[in-house]
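My notes follow the order in which I looked.

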Amino acid sequence: MTLKSQYNKLNQISSKSAILILFLLAHFVLFLMMAFTFPRINAQFGTQAFDLKPMGYSQEKATLMLHNLDQSTTDFYIFPQLLLLDNLYPILLAFFLSTLIIRLSKLIWVSPNRIYSNLFILPFIAMFIDYLENTMILVMITNPSVVPSGVINAASIFTQLKGAFTTISWVVILILFVIWLNKK
């Protein structure tokens with residue numbers, strides 16, 4: 001599937017109501033994570049969970065965190081956190097941010113044939129990286145006593161990249177919004 005066909009499919013669902021529904025769904029899942037799963041996981045770690053460290057983490061810090069995990073928290077981190085909520089959130093957020101980028105681009109008359117009209121793909125890059133991060137975290141927490149340093153380093157890099165691409169997506173939205181306000 002080409003970027004143009006992906007753009008066209010997302011463009012079809014970039015109505016105000018669809019964007020609002022995607023916003024509500026994504027942020028409802030985020031609320032569940034922040035209110036229910038992460039507090040329990042963070043309490044066991046004694047710090048924020050791996051997913052919540054946008055600057056990444058060192059080998060030593062990750063090892064210390066893994067030693068703090070008990071089986072009950074590990075099971076809870078796996079499900080519902082990683083295998084349910086953190087499977088839903090990235091895709092919902094990617095659809096929300098991408099459709100919002102497309103809608104704002106249309107409002108300021110950015111041609112879909114322009115190279116920068118492809119900025120809608122940024123949230124999907126963040127989503128893909130988030131899934132890679134989740135996979136590495138799953139590997140780390142399922143056998144915490146023998147985690148290779150490469151897995152920890154990869155997980156940390158994925159965490160940082162996820163944060164960077166998500167931030168860039170929001171900056172693009174902010175810039176498009178300011179341009180739209182100026183044109184309005």
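I began with helix H3 and asked what covers its buried residues. The cover includes helix H2 (16-45), helix H5 (122-142) and helix H6 (149-183). I am working with a predicted model, in which local features need pLDDT of at least 70 and side-chain atom pairs count only at pLDDT 80 or more, while totals for chains, interfaces and linings use all residues. Residues are numbered from 1 along each chain as its sequence is written, and side-chain values use heavy atoms, with hydrogens and water left out.

**Helix H3.** I noted that H3 takes in residues 59-68 and that Ala 62, Met 65 and Leu 66 are buried in it. Buried means under 20% relative accessible area, exposed over 50%, and partly exposed in between (1.4 Å probe, protein chains only). Seen down the axis of H3, the buried residues fall within an arc of 100°, so they line one face of the helix; the arc is that of the directions from the helix axis to the C-beta atoms. On the face turned away from the buried side I found the exposed residues Glu 60, Leu 64 and His 67.

**Whole chain.** I looked up the elements next: there are six helices and zero strands. Helices (H or I, at least four residues) and strands (E, at least two) are DSSP runs, numbered from the N terminus. The C-alpha trace spans about 55 × 30 × 30 Å along its principal axes. Of the 184 residues, 43% count as buried. For contacts (heavy atoms within 4.5 Å), I took residues at least 6 apart in sequence, and 80% of those contacts join residues at least 24 apart.

**Largest pocket.** I read its volume as about 460 Å³. Of the 24 lining residues, Asp 51, Leu 52, Tyr 89, Lys 162 and Thr 166 are the closest to the centre. A pocket is an open set of points on a 1 Å grid over the protein atoms alone, where a 1.4 Å probe fits, with protein on both sides within 12 Å along at least five of seven lines; lining residues have an atom within 4 Å of a point. Grid points are joined across faces, edges and corners, and a volume is the space filled by probe spheres set on the points. Which element gives the most to this lining? H4 does, with seven residues. By class I found 14 nonpolar, five polar and five charged residues in the lining.

**Second largest pocket.** I read a volume of about 170 Å³ here. The lining consists of Lys 16, Ile 19, Leu 100, Arg 103, Leu 104, Leu 107, Phe 177 and Trp 180.

Leaving out residues up to four places away in sequence, Ser 98 touches Leu 10, Phe 120, Pro 123 and Phe 124. Ser 156 is found in helix H6 and counts as buried at 5% relative accessibility. With residues up to four places away in sequence again not counted, Ser 156 touches Gly 56 and Tyr 57.

Note on methods. Nonpolar A, V, L, I, M, F, W, Y, C, P; charged D, E, K, R; others polar.
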